[in-house]
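I open this notebook to record what I looked up in one model, keeping the working definitions beside each entry.

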Amino acid sequence: MKNILFSPPDITQEEIDEVTSALKSGWITTGPRTKELERRIAEYVGVNKAVCLNSATAAMELSLLLLGVGPGDEVITSAYTYSASAAVIDHVGAKIVLVDTAKDSYEMDYDKLEVAISDKTKVIIPVDIAGVMCDYDKLYEIVERKKNLFIPNNVRQESLGRITILSDAAHSFGAYRNNVKAGLVADITCYSFHAVKNLTTAEGGAIVWTKTFGMTDDEMYKEYMLLSLHGQSKDALSKMKKGSWEYDIVYTGYKCNLTDILASLGLVQLRRYDQLLERRFEIIKLYSETLNSNYVNILQHEDKNTRSSGHLMLVRFKGFNEMKRNQLIMYLAEQGIATNVHYKPLPMFTAYKNLGFDIINFPNAFKQYENEISLPLHTLLSDDDVIYVSEKINEYIKGLIEG
Ligand SMILES: *Cc1c(COP(=O)(O)O)cnc(C)c1O
């Protein structure tokens, strides 16, 4: 029997060598390698500046803080996402507003989203599920139409003059839509480099932006540096320069910087990234050719001038309910195949129930969830592995139908 993991990291000798040289360099926390990774990410996306932090969660939270979002404000995100997208709203003291998905879609229902906007709404956090970018054209149309409701709290919000689109691009690094890359579309875009993501630094994340909220790129970058390192006017490396001990604390900031050890992983992963993406798309194609499409719906990753980052293989089993879906997951586990579910809608979790959410009000998200299974999709899979997974699924369904 095969042993097929869900999403192991693809680490080569190159990553190991780069980490080793960071360890031997005498500088292991934020320093030259992190700064180099920021430059390379900015170059890859096509922007002036990127900020690296220790997670996408920190990236989104600091972005809300940079925008001055807090108590009394509302921030809208999808019911169909990982907790991070919504938890950061709670962390800054704003009210979480969740929107149901559209029918048969992993994206928010844009009509319901428009209705959810109030004069307290400061930010919308769309989620590029599986690396498929949301309909940002629609999102911008909506925030433009609702511009008259927008009440800015500060000069940064005033300079934009409308709701900010803060993209949860944890899955979508390297994706593009209508030939425009994730990172060049939303006002602010946050990527994740967590261990299971396409490009990994074990833990890590990055921020890029297309708007500067009345600041220059350098000022905005510096603001993120202050927020991420105790509001300290000099980072550890600058403080280390001989005779340069003195610094100021301009406010009580957070502590979520990326380390050079982890940045070294990212530097090599980024060099390999185009190849990694190509392999992901070969795998998606092979799944699409081998899974019996009479019984499964496969999320589309490609369209004219549009391609996801190929992050997750989301398939839905026609006519399955939660119990039938879970039985199939158990069967696949017995066949040595690890799978997952992306996502259990947030209103089904204790924390969100305690905040007053009820899954009854998110019927499309529930339907999307109840028959969904995420199949292994990573660059250590062989073609044989993929065919094995498809065959096991096809056999199982055939068995069900033949009773
Ligand atoms: C992984 C993930 C995050 C959080 O990323 P971290 O880097 O672990 O903080 C946020 N949103 C979504 C949709 C994710 O899958």
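**Pocket**

I began with the largest pocket, to whose lining helix 3 gives the most, with 3 residues. The model is predicted, so I kept in mind that local features need pLDDT of at least 70, that side-chain atom pairs count only at pLDDT 80 or more, and that totals for chains, interfaces and linings use all residues. Residues are numbered from 1 along each chain as its sequence is written, and side-chain values use heavy atoms, with hydrogens and water left out.

I noted a volume of about 460 Å³ for the largest pocket, a volume being the space filled by probe spheres set on grid points that are joined across faces, edges and corners. On a 1 Å grid over the protein atoms alone, a pocket is an open set of points with protein on both sides within 12 Å along at least five of seven lines, a cavity is a set where a 1.4 Å probe fits but cannot get out, and lining residues have an atom within 4 Å of a point.

The lining of this pocket holds 27 residues, and Tyr82, Ser192, His194, Val196 and Lys197 lie nearest the centre. I found that helix 3 (56–66) and helix 4 (83–91) each supply at least two lining residues; helices (H or I, at least four residues) and strands (E, at least two) are DSSP runs, numbered from the N terminus. By class, the pocket lining divides into 12 nonpolar, 12 polar and 3 charged residues, where Ala, Val, Leu, Ile, Met, Phe, Trp, Tyr, Cys and Pro count as nonpolar, Asp, Glu, Lys and Arg as charged, and the others, Gly among them, as polar. Domain 1 (13–264) and domain 2 (274–402) each contribute at least three residues to the pocket lining, with bounds that come from an automatic or database domain assignment.

**Cavities**

I then searched the whole structure for cavities of 30 Å³ or more and found 3. The largest cavity contains about 90 Å³ of space, and of its 14 lining residues Pro8, Asp10, Lys197, Asn198 and Arg280 are the closest to its centre. Its lining divides into 5 nonpolar, 6 polar and 3 charged residues, and it draws at least three residues from each of domain 1 and domain 2.

**Strand 5**

How many residues of strand 5 are buried? I counted 6 of 6 in strand 5 (residues 164–169), with buried meaning under 20% relative accessible area, exposed over 50%, and partly exposed in between (1.4 Å probe, protein chains only). Thr164, Leu166 and Asp168 are buried on one side, and Ile165, Ser167 and Ala169 are buried on the other. Strand 5 pairs in the parallel sense with strand 4 (residues 121–125) over 2 bridges, and in the parallel sense with strand 8 (residues 188–192) over 4 bridges; two strands pair if DSSP finds at least two bridges between them. Ile165 is the bridge partner of Ile124, while Ser167 stands opposite Thr189 in strand 8.

**Backbone exceptions**

Most residues other than glycine have a negative phi, and most peptide bonds are trans. I recorded a phi near 65° for Ala130, in the loop between strand 4 and helix 6 (136–145), and this residue counts as buried because its relative accessibility is 0%. Asn179 also has a positive phi, of about 65°, but Asn179 counts as exposed because its relative accessibility is 55%. Lastly, I noted that the peptide bond from His342 to Tyr343 is cis, with omega near 0°.
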